[in-house]
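Okay, thanks for coming, everyone. Let me put the model up and then walk you through a few spots in it.

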Amino acid sequence: MRAALIGLACLLGACGPTQKPSADDPPRPSHAEAPHPPAAREPQTGARWPRFVRELLGYPIPLQRIERHHPQFPDTDPGSIAVGTVTGGYLIRAARLPLDGPHHRVLRVQRERGTNFGTDELVGLIQRVAAAVAKKLPDSVLLVGNVARDGGGDIIWSFSHNNGRDADISFYILGPDGKPFEPRELVLFDRDGNSIAFEGRLHFDVPRNWQLVRALVSDPKVRIQFIFVASYLKAMLLKHAAKLREPRTIIAKAERILKQPGGALPHNDHFHVRLYCSKRDRLEGCLDLGSKHPDDDAWAALAKRRALRVRRYLDSKQPAVRSDAIEMLRLLDDRDAATLIARRLNDRSADVRRAALRTLAAFEAKELLPQLLKRLAIERDEAVLASGMAALRRFRQKETVAFLRRCLRDVTRTLGGKPLAATCAERLGSLDELAVAGVPDLISALSSALSAVRDAAAASLARITNHDETTLSSSKSEGTLVERWKRWLAAHRRWRRAKWVLDGFRRAHYELDKKLRRSIPELIRAVGDKAHLSYNAQRLLMRVTNHHPRSLEWSRFDAQYYWNHWYTKRRRRFR
């Protein structure tokens, strides 16, 4: 739906007409915490959308501050804090980059978005390098695009920029008269350094852009992890640096840090600057993706020592402190504390119990699963139950299946306004092969007096078997739905689930080759079909391609769009 709305917005003139959208990052890793529908990458150039389009997309502009809770202890730094990763984290006490400064300005398109926030380190860096370039080459104004929203988190224009350590910086540009030119938005450049739009009359300002890169990699207060940029523009910059006889150490550092990202458009319209986690942020749960900071091992040891200090707060008399301690141990990935945290599953405070469930799930502490399930069997607080049921996604174990099968008979508890049994039926449907043992229980649940339980059971049966009532038999009038499912199971009990799935596709008129690599286009077609066919098609696509986006959490339309786009770019790999 979101992709369709963006397409409508573009037809109405809401998307910039002069340039192609610019991808902002390589695809989000499979363990990322929060989903982004792929269509969200389309309006990267960020035109001024009509209000109704903004509202339909659910992104009111400017983006509003998101209030975050972060554990606070006596040794917590009072400055900004980048938590988690650049793709799934958040930002505490964000520093604001002024829209206009002595040597920088936020681009006209981006300045209305509310994405001019970052860590203290990043905001300070932008202002320092802008001043450094202006000092070296007068009349230089650094133009800045997206940094992060206040509070961090997802923004529609990027798959990263979540925790304030990323900044999009426009290239310095020369106009037709050879003088510095300030565009309204980011400008794409070709291999000759000429603008792709504007009839090629704008030019990549190599001297100024090199001075910017030089200032970035030489800054003594921060460590740059990456500067994403097109490889041919990188070559221009390094050639200019060699001509200037810059120190070899500077050139080598620039060569290492400047990178064209894989799996994305080439970054030929801006520099994407990413900082490593700072020392203080590392001690608050900041995590680098990709290469590690040179001091990361030493900081990891400091983080471990801090975790030992935080453990003391698990026995605090104040529930809020106990809860904060558990959350911080999760952020510091202190898995050795799992047994101590499990003791808090029976805490008097619901908030503490909820934090304990979330943390044990994050740690995937399988040895403590019996204690977690025992808690869930008696839990009455809905918020804790919700966290516990979400936690079960991390535990694909036989014990989980057994718990969910018993839970199908629970008619006394509710969750989110529906019977808990319905949620348990839904969870069974996501366990694939393991859930086969629960098929008879789901068939029995079709006779439940509660419609929500019946609907959830039917949906999960369809997911597990890749069949629904339309493909159980040739006639819909052969007994009740329960009787038809029982006959189907009796006839196919000896089949492995993989054969159930393939048979479901065949009955839905999809022709799959024995070598599934040859059937990727057909599977992508199935992604847009009924919910159970879409689910199983995506699971097979992930297995065949060894690519694991979070497309199961998106609409079928967006998931199909994403997979089609992803495969089209990599078709040759799968011949």
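So, in strand β10, His203 is the bridge partner of Leu174. By strand and helix I mean DSSP runs, numbered from the N terminus: strands are E with at least two residues, helices are H or I with at least four. Before I go on, this is a predicted model, where local features need pLDDT of at least 70 and side-chain atom pairs count only at pLDDT 80 or more, while totals for chains, interfaces and linings use all residues. Residues are numbered from 1 along each chain as its sequence is written, and side-chain values use heavy atoms, with hydrogens and water left out.

Back to that bridge. Strand β8, residues 173–174, pairs with β10 in the antiparallel sense over two bridges; two strands count as paired if DSSP finds at least two bridges between them. What is the strand order in this open sheet? It goes β9-β8-β10, three strands with antiparallel pairing. The edges are β9 (180–181) and β10 (203–204), and each has a single partner strand, so one side of each is left without a neighbour in the sheet.

While we're here, look at the loop between β9 and β10, which is where you find Phe198. Phe198 is partly exposed, at 38% relative accessible area. For the cut-offs, buried is under 20% relative accessible area, exposed is over 50%, and partly exposed is in between, using a 1.4 Å probe and protein chains only. Phe198 and Pro176 sit 22 residues apart in sequence, and their C-alpha atoms are 10.0 Å apart in space.

Next, some covered strands. Take β7, residues 166–170: five of its five residues are buried, so the strand is largely enclosed by the rest of the structure. In a regular strand the side chains alternate between the two faces of the sheet. Both faces of β7 are covered, with Asp166, Asp168 and Ser170 buried on one side and Ala167 and Ile169 buried on the other.

What does β7 pair with? Five bridges join β7 to strand β13 (residues 270–275), and the two run antiparallel. Within that pairing, Asp168 stands opposite His272 of β13.

β13 also pairs with β11, through four bridges and again antiparallel. Here Ile227 has Val273 of β13 as its bridge partner. Strand β11 covers residues 224–228, and five of its five residues are buried. β11 has another pairing, with strand β12 (residues 258–259), and that one is parallel, over two bridges. Ile227 turns up again there, with Leu258 of β12 as its bridge partner.

Now the cysteines. How many disulfides are there? The count comes to two, taking a disulfide as a pair of cysteine sulfur atoms within 2.5 Å. One of them is Cys277 with Cys286, sulfur to sulfur 2.1 Å. The torsion about its S-S bond is -75°, and the link is left-handed. Buried or exposed, those two cysteines? Both Cys277 and Cys286 are buried.

Then there's Cys407 with Cys424, where the sulfurs are 1.8 Å apart. This pair links distant parts of the chain, 17 residues apart, with Cys407 in helix α14 (398–407) and Cys424 in helix α15 (420–428). The torsion about the S-S bond of Cys407 and Cys424 is about 60°, so this disulfide is right-handed. Cys407 and Cys424 are both buried too.

On to a helix pair. Helix α9 (residues 319–331) packs with helix α11 (residues 350–363) at about 10°, their axes 9 Å apart. The axes are lines fitted to C-alpha atoms, for helices over the stretch in contact, and angles run from 0 to 180 degrees between N-to-C directions. So α9 and α11 are roughly parallel to each other, the label for angles under 35 degrees.

Asp333, in the loop between α9 and α10 (338–342), has a positive phi near 55° without being a glycine. Asp333 is partly exposed, at 43% relative accessible area. Asn546 also isn't a glycine and has a positive phi of about 55°. Asn546 lies in the loop between α21 (531–545) and α22 (556–570), and is exposed at 63%.

Key
Parallel < 35°, antiparallel > 145°, perpendicular 65-115°, else oblique.
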